[in-house]
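Dear colleague,

I am handing over the structure below, and my notes on what was found in it follow directly after.

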Amino acid sequence: MTVVPKHRIGVLASGRGSNFESLVTATRNGFIPDAEVGLLVCNRPAAGAVQRAERLGVECLVMEPLPFADEAVYFERIADEFQRRGVTLVCLAGFLLKVHAAMLRRFPGRILNIHPALLPKYGGRGMYGRRVHEAVLRAEEKETGCTVHLIDDEYDHGPTVLQAVVPVRPGDTPETLAARVSEKEHVLYPEAVKRVLLGLSGKSEGAGK
Ligand code: GRF
């Protein structure tokens, strides 16, 4: 008999996909109980995340925005693909497009993002990848970190679920700092997802579903 996990997670990625993989691993090794990653949607065919999905045996759809009439239509279609597969929680994992309100409405309070800094510091439009770590080093911060939050209609904004601090070490470059933050992200994101899913289970049981 096949046991169907209670929670299906959908992931949106544009790049390397290491956080996507950390979520897949955490569902498969039981760290995130009763859940599976059911679909990866990637907006860039060349993204490393696409190869990872293939290696991991996770269904992946490459959906570039260009052929769609507008952003709302594009994000409605993405939401359709997730809902068709029973996804109830969406995780942005290095997804560089702003999620349109059309999709926020379809997953209210159920879209998470991970950001490589201690939000609200070093977030917002244009603050991604190397630029974040460059800004942290320029400001001579002693510590940085990563944040998992629920998204709203502003870049890198919405209620924080979890944050973790990462030290900035003397002689750090954007690359060394990025690597230290990335390692921490792979622990923080699964932990945050686990907590959110526990909260959602509690709510649905409370509602008698
Ligand atoms: C991570 O640093 C994440 O915080 C940010 O984009 C990066 C994605 O890395 N949103 P990866 O593609 O998961 O390796």
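Valine 58 touches Phe20, Val24, Arg28, Val37, Leu39, Leu40 and Ala53, leaving aside residues up to four places away in sequence, where contact means heavy atoms within 4.5 Å. Valine 58 sits in the loop between H2 and strand E3 (60–62), and at 7% relative accessibility it counts as buried (under 20% relative accessible area is buried, over 50% exposed, and in between partly exposed, with a 1.4 Å probe and protein chains only).

Please keep in mind that this is a predicted model, in which local features need pLDDT of at least 70 and side-chain atom pairs count only at pLDDT 80 or more, while totals for chains, interfaces and linings use all residues. Residues are numbered from 1 along each chain as its sequence is written, and side-chain values use heavy atoms, with hydrogens and water left out.

Helix H1 (residues 18–28) and helix H2 (residues 48–56) pack at an angle of about 20°, with their axes 9 Å apart; helices (H or I, at least four residues) and strands (E, at least two) are DSSP runs numbered from the N terminus, and axes are lines fitted to C-alpha atoms, for helices over the stretch in contact, with angles running from 0 to 180 degrees between N-to-C directions. The contact is made by Ser18, Phe20, Glu21, Val24 and Arg28 of H1 together with Ala49, Arg52, Ala53, Arg55 and Leu56 of H2.

A cis peptide bond, with omega about 10°, joins leucine 119 and proline 120, and proline 120 belongs to the loop between strand E5 (111–115) and helix H5 (130–138).

Finally, the cysteines: a search of the whole structure finds 0 disulfides, a disulfide being a pair of cysteine sulfur atoms within 2.5 Å. The sulfur of cysteine 60 is 5.6 Å from the closest cysteine sulfur, in cysteine 42, which is too far for a bond. Cysteine 91 is likewise in no disulfide, the nearest cysteine sulfur, that of cysteine 146, being 14 Å away. Cysteine 60 is partly exposed, with a relative accessible area of 25%, whereas cysteine 91, at 0% relative accessibility, counts as buried.
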